[in-house]
Amino acid sequence: MILGAFPLVFLVAAASVSSQALAQQYRWIDEKGRPQFGDVAPPGAKQVRKMTPATVKPEPAALPFDLAELQKNFPVSLYTAPNCKEPCDLARGMLNKRGIPFGEVQVWNAETLDQLKKVAGSDSVPVLVVGRSVQSGFDQNRFDALLDSAGYPAAGEYPARAQAAPAVPEGYQPPPVAEPVAPAAGKEQKAGPYDTSGLTGPAPKPGQYDPSGLTGPPPKPGQYGVPGESK
């Protein structure tokens, strides 16, 4: 079953239902769990219901059975923020690449921040929640491991999705950007207590073992003569 084809099938079915409502008088569920419409329900069809023009409504796109079961048992939620760009975009793109449907919660006010703290124990985003497992901060390997452990399909098993970031909530105010404080004009910065620049002092004195500058009497001849003399 190709997930990416469902939106197109849904649009075609919706147009057909609106123009042929009287002809398609029955609705049923086929063996793959998909809703179908027609004049006659096939033998063995489930949830057969006779339709009237007043009750004919477009059906939402269905998910493959395995994904629907995974979503029921291990729902996937992604916590982001309107001012979170690269890491949140990477997290969203990774889920889309694997073809995994997910709910996205934007953290932007006190209520959503409190919700995030209860879920993740921190106030940083992105946060991925799979069932009861939580991963804070985007890490490709850890995100993949969390989804793999729940049984979600790897990238390429289902068509990639294109779920975009939600619209910025009305009333959201981005946090102010702190600007560096420049020193006041006309005032020179003074050296700190450990700044030794500009310090002067007396020249170092020779230590007690420094023989430079010492003089004394000439050496006396010993029993082997005067040192340094050649015979």
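Biologist: What should I know before reading it?

Modeller: This is a predicted model, in which local features need pLDDT of at least 70, side-chain atom pairs count only at pLDDT 80 or more, and totals for chains, interfaces and linings use all residues. Residues are numbered from 1 along each chain as its sequence is written, and side-chain values use heavy atoms, leaving out hydrogens and water.

Biologist: What is the average pLDDT of the protein chain?

Modeller: The average pLDDT (the predictor's confidence in each residue, from 0 to 100) is 75, and 61% of the residues score at least 70. Over residues 1–24 the pLDDT is below 50.

Biologist: Which residues have the most contacts inside the largest nonpolar core?

Modeller: They are Val76, Leu95, Leu128, Val130, Leu147 and Tyr152, in a core of 17 residues. A nonpolar core is a set of buried (under 20% relative accessible area, 1.4 Å probe, protein chains only) Ala, Val, Leu, Ile, Met, Phe, Trp, Tyr and Cys residues joined through side-chain atoms within 4.5 Å.

Biologist: And which residues does Leu95 touch, beyond four places away in sequence?

Modeller: Leu95 touches Val76, Leu78, Ile100, Phe102, Leu128 and Leu147; such a contact means heavy atoms within 4.5 Å.

Biologist: Changing topic, which residues does the disulfide join?

Modeller: The disulfide (a pair of cysteine sulfur atoms within 2.5 Å) joins Cys84 to Cys88, with an S to S distance of 2.0 Å.

Biologist: Are those two cysteines buried or exposed?

Modeller: Both Cys84 and Cys88 are buried.

Methods: Buried means under 20% relative accessible area, exposed over 50%, partly exposed in between (1.4 Å probe, protein chains only).
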